[in-house]
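Welcome, and please take a moment to look over the sequence and the structure shown here.

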Amino acid sequence: MAVNGKAVASHNGKVPRWGMAIDLKRCVGCQSCTLACKAENGTPREIFWMRVLEQEEGTYPQARKVFLPIRCNHCAEPPCVPVCPTGASYKRSRDNLVLINQDKCIGCRACIVACPYQVRFIPEDTKGYYGEELTPYEAKRYQKWQPRTVQKCTFCEHRLETGDQPACVQTCPTRALVFGDLNDPESEITKLVRARHHFQPRAELGTDPSLYYLT
Amino acid sequence: MAHEFNTELVAQEEWGWLLALDLFFGGMGGGLFLLSLSFNLPASVAVVSVLFVALGAVVLMIELGHPLRAWRALCKPFSSWISRGVFCVTLFVVFGILYSAPGFDALSWLAPDSDSVRRTIGVIAAVSALLVMLYPGFVLAASPSIPFWNSSFLPLIFAFHSLMVASGFLFLIASWGLDSAKLAGISFLGVILIVANLVMGAMYLGNAKGSGLAGKEAVRRLNAGSLGRTFQLGVVLLGMIAPLLIIVWVPSVVALAGLFILIGGLLFRYCVLKAGVYVPFPLT
């Protein structure tokens with residue numbers, strides 16, 4: 001396993017725990033991460049593994065928009081895993097990624113309901129954006145998705161294997177997204193989390209998300 | 001595009017009528033079996049209870065994205081309540097049929113020879129019937145994402161509702177030969193169950209209202225709009241208060257009370273599912 005061409009060994013006897021720091025002061029809500037994810041993973045119609053929520057705060061003339069990029073948190077204690085009756089949802093022991101084995105998924109949707117972050121999705125059919133007939137892009141990219149099985153962000157695990165960052169991180173024009181190993185005390189993400197005020201989304205639920213919002 | 005990604009409180013939309021039907025049939029079947037044991041009802045009632053649970057399982061399979069993979073749901077009984085539930089349903093169907101077998105010529109070859117074996121089979125079937133009534137509550141309570149469900153009280157409510165619905169079914173078929181002494185006992189139990197469900201339901205809603213934004217929103221939805229009408233008129237008025245009045249004051253039309261309880265029981269499960277509001281995003 002490597003990131004940016006650098007092999008990542010275990011630190012303090014721990015396997016990597018991939019995580020992401022999201023700098024809310026830098027995020028401008030451009031949705032480029034949303035599109036980069038869509039293009040990289042070829043997710044089915046109307047499914048966005050990553051998206052940026054927005055909300056207006058204050059009143060004129062002090063009104064402003066705040067943005068919140070959301071995606072799978074790859075929690076250390078993922079509530080989606082124990083509810084799965086088949087073992088299709090699992091936490092990979094070698095890098096703590098929370099993944100889905102589509103061949104085992106029966107489509108019971110228990111994991112979708114159990115996820116407090118609403119970042120698990122199930123394509124109901126094989127239609128594309130223009131109906132039954134798929135575009136050449138869709139025909140190729142949708143091959144890897146089984147309809148009526150659950151899918152979600154994988155932190156672009158296929159890119160991690162080749163030493164690249166997740167597509168959303170590479171694309172972000174403001175460097176609001178920082179990806180790395182939370183178990184490595186020298187990684188940029190760990191240093192950022194140490195140095196900056198931050199919160200983990202809905203940490204009170206005991207999920208211990210691997211996402212840190214820097215404030 | 002960004003305007004579609006809002007931060008409003010939303011309810012889950014994954015589970016609806018089909019799961020409500022599954023929970024309804026499963027709960028009614030489990031409750032019916034326990035009532036048939038408690039009141040020593042004819043073996044046909046126990047068989048019907050098994051059929052209801054099996055019907056619930058069929059409905060659940062229809063709801064799955066991949067019904068042919070349903071056997072995989074037996075893979076994680078040590079962590080998943082759905083998996084445990086599937087085990088309980090399977091156990092109940094097998095042991096429920098074995099227990100009822102002596103009452104039917106067609107099934108007599110399945111009947112155990114000794115009384116002690118039949119008693120053991122009956123105990124296993126009864127325990128699995130109890131778990132069939134309880135497990136949906138545990139399935140829902142296992143979701144920290146939905147505070148309205150995330151309560152250890154929910155399995156108990158599901159169990160009591162299942163018993164109430166089972167008593168409703170017996171009221172409905174009472175005119176087909178149910179002993180009047182037994183009917184009186186079931187009516188008495190039915191009244192207790194209705195009152196208990198009203199009290200527990202009120203306590204549950206009161207508790208949920210104080211459990212944060214999502215819980216409060218869930219209770220609001222059960223008191224407003226179309227879901228509110230379904231809950232107030234269908235679940236509370238038609239499903240509990242009307243049957244209570246009929247059983248107490250007009251017992252001659254107890255079958256009508258039974259029908260109302262069944263309708264209310266199904267709507268209750270639907271309302272609980274549709275009131276499942278997610279915890280808000282950290283922005284709100």
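Is Pro201(A) buried or exposed? Pro201(A) is buried, with 22 other C-beta atoms within 10 Å. For such labels, a residue is buried if 20 or more other C-beta atoms lie within 10 Å of its own, exposed if 12 or fewer, and partly exposed in between, with C-beta atoms placed from the backbone.

Before going on, a word about what you are looking at. This is a predicted model, in which local features need pLDDT of at least 70 and side-chain atom pairs count only at pLDDT 80 or more, while totals for chains, interfaces and linings use all residues. Residues are numbered from 1 along each chain as its sequence is written, and chains are lettered from A and ligands numbered from 1 in the order in which they are written.

**Around Pro201(A)**

Pro201(A) sits in the loop between strand 9 (198-199) and strand 10 (211-214) of chain A. Helices (H or I, at least four residues) and strands (E, at least two) are DSSP runs, numbered from the N terminus. Leaving aside neighbours within four places in sequence, the contacts of Pro201(A) include Asn73(A), Tyr117(A) and Tyr213(A), and also Pro282(B) from chain B. Here two residues are in contact if their C-beta atoms, placed from the backbone, lie within 7 Å. Pro201(A) and Tyr213(A) are twelve residues apart in sequence, and their C-alpha atoms are 7.6 Å apart in space.

Strands pair if DSSP finds at least two bridges between them.

Strand 9 and strand 10 of chain A run antiparallel and are joined by two bridges. In these, Phe199(A) has Tyr213(A) as its bridge partner, and His198(A) has Leu214(A). Strand 3 and strand 10 of chain A pair in the parallel sense over four bridges. Tyr213(A) also stands opposite Ile22(A).

**Two chains together**

Chain A has seven helices and ten strands. Its radius of gyration is 18 Å, close to the 17 Å from the globule rule for 215 residues, so chain A is as compact as a globular protein of that length. The radius is taken over C-alpha atoms, and the rule is 2.2 Å times the number of residues to the power 0.38. Chain B has nine helices and zero strands. For its 284 residues a compact globule would have a radius of gyration near 19 Å, and the 20 Å of chain B agrees.

Buried residues make up 45% of chain A and 49% of chain B. The contact between the chains takes 37 residues from chain A and 32 residues from chain B. On the side of chain B that touches chain A, 18 residues are nonpolar, ten polar and four charged. In this count Ala, Val, Leu, Ile, Met, Phe, Trp, Tyr, Cys and Pro are nonpolar, Asp, Glu, Lys and Arg charged, and the others, Gly among them, polar.

The table sets out two helices, with the expected span being 1.5 Å times one less than the number of residues.

| Helix of chain B | Length | Span, first to last C-alpha | Expected span |
|---|---|---|---|
| Helix 1 (17-38) | 22 residues | 31 Å | 32 Å |
| Helix 9 (254-274) | 21 residues | 30 Å | 30 Å |

In helix 1 of chain B, 18 of the 22 residues are buried, so this helix is largely enclosed by the rest of the structure. Helix 9 of chain B is mostly covered, with 17 of its 21 residues buried.

**Backbone details**

Just after helix 1 of chain B, Asn40(B) takes a positive phi of about 50°. Asn40(B) counts as exposed, with 9 C-beta neighbours inside 10 Å. In chain A, Arg148(A) has a positive phi near 65° and counts as partly exposed, with 18 C-beta neighbours inside 10 Å. Finally, the peptide bond from Tyr60(A) to Pro61(A) is cis, with omega near 5°, and Pro61(A) lies in the loop between strand 4 (51-57) and strand 5 (64-70) of chain A.
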